[in-house]
Amino acid sequence: MSSRKPKLILVYEPEKACIDRLVADGHLPERAAEIASYLAQSTDIAPEFDALAAACLKRGLSFAPVALDDAASALAGEDPRVTLVWTLTDGIAYFRGGAAPALARLNGLKVIGADDALFALCQDKFRAGAVLGALGLPVPQAGLARDGRWLVEPPASPAGWFVKPNRLGAKIGIWPDSHSGDLGHALELSRRVFAAYRDDVVVQPYVAGRNVRASFLGLKPDTGVEALGIAFVDSGGDFQTMADSLALYGDTGEAAKAAGKYMEPVLESVADSQPGAAATIRRIAERLVTGFGLRDVFSIDFRVEADDHVHLIEFEVCPGLPCFDFRAYCRTQWGLSLADAMAETAANRLSD
């Protein structure tokens, strides 16, 4: 065993670095800032680096936050026997965090989370949905449009369609009219998204129900889906928009707090009112773990109808750790702050 102290390296992509790169690529500054808001968790976790370092030290680890642009050189000299890499933010297109687990693998380092193949897949909603459907999971069939033309036509839907960007997260490009009543409007939304962000749109049949977030952190290597936190997320509307998201996270979230406009969605345990739906969600999560490769830390989004019918919407291999819902999960499931939960998970992996 190496005599060097075990180390947790947290790789994160700062919002500013992303904005600067997008503007240099020709995106308007306002649109670049909206796109980079996906990385607000990097902004929000930075004030906790000292708490993370202290929590790690208490467990015999050192802690090193590493900006993504510095990751290649930072990881190259680390000892594979005592080093663990945790990637805070993913991305293969507008964001680049998906490079971090690949760099870790290149250097033979242990990682927290799924392998790099899933980091790439999860940020292409259309392809991810196709794979989930092939596994027999209850994901709505989707169409795909680019700048006003169909690449794949969506199925008929009496309740209309939901239109969202294919490769952007954090509700970017989701507006109050993203629930579309006709396909002509869906194509118009695809023009709007392409003009603003150069992205395609996924067009799925609208499904009724309440929004549910299932969160998971494997505090110990043998932790199973019994530790999944399953909560209704009530934001006061049928779905969250980009404006809702911007008011919660990063610098814009801080501005919303200062202006008295910050309001966290309400979380409510699904098992308390719909235990059958909660049991179905655990079975789906187990299928994603065993058949898909999710592990260590992830989140899954669902829509749940009043009759317990469950629709799988999408999954995340890099859930927003400093976001209100994941903090609440760490407190409820593990009785720990975010910093202590992360440090405990890392310590358990490094001693495994």
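Before I start on burial, I note the cut-off: a residue is buried when its relative accessible area is under 20%. I also keep in mind that this is a predicted model.

**Entry: helix H15**

I began with H15, where twelve of the 14 residues are buried, so by the 20% cut-off the helix is mostly covered. Among the buried ones I listed Leu338, Met342, Thr345, Asn348, Arg349 and Leu350. Then I checked the length of H15, residues 338-351: at 1.5 Å a residue it should span 20 Å, and its end C-alpha atoms are 20 Å apart, which agrees.

**Entry: Glu78**

Next I went to Glu78, in the loop between helix H5 (71-76) and strand S3 (83-87). Is Glu78 buried or exposed? Glu78 counts as buried, because its relative accessibility is 15%. Its side chain is joined to that of Lys7 by a polar contact of 3.1 Å. Leaving aside neighbours within four places in sequence, I found Glu78 in contact with Arg4, Lys7, Ile9, Thr83 and Leu109.

**Entry: positive phi**

Arg198 has phi near 60° and lies in the loop between helix H9 (183-197) and strand S9 (201-205). With a relative accessible area of 36%, Arg198 is partly exposed. Asp296 has phi of about 70° and is in the loop between helix H13 (275-292) and strand S13 (297-304). Asp296 counts as buried, at 11% relative accessibility.

**Entry: aromatic pairs**

How many aromatic pairs are there? I got a count of eight. For Tyr12 and Phe49, the ring centres are 5.5 Å apart and the planes are at 55°, so I logged the pair as tilted. This pair links distant parts of the chain, with Tyr12 in strand S1 and Phe49 in helix H4, 37 residues apart. Tyr12 is buried at 16%, and Phe49 counts as buried at 14%.

The rings of Phe326 and Tyr329 also make a tilted pair, with centres 5.5 Å apart and planes at 55°. Both residues lie in helix H14, three residues apart, about one turn of the helix, and both are buried. I also noted one aromatic cluster formed by Tyr12, Phe49 and Phe63.

**Entry: charges over rings**

Last, I looked for charged ends over rings. That of Arg192 sits over the ring of Trp175, 4.6 Å from its centre. The charged end of Arg210 sits over the ring of Phe232, 3.8 Å from its centre.

Note on methods:
Residues numbered from 1 in each chain as written. Predicted model: local features only at pLDDT ≥ 70, side-chain atom pairs only at ≥ 80, totals over all residues. Heavy atoms only, no water. Helix = DSSP H or I, 4+ residues; strand = E, 2+ residues; numbered from the N terminus. Buried < 20%, exposed > 50% of the residue type's maximum accessible area, 1.4 Å probe, protein only. Polar contact = N/O pair within 3.5 Å; in protein donor to acceptor, adjacent residues only side chain to side chain. Contact = heavy atoms within 4.5 Å. Expected span 1.5 Å × (residues − 1). Phe/Tyr/Trp six-rings, centres within 6.5 Å; stacked < 30°, edge-to-face > 60°. Lys NZ or Arg CZ within 6 Å of the ring centre and 35° of its normal.
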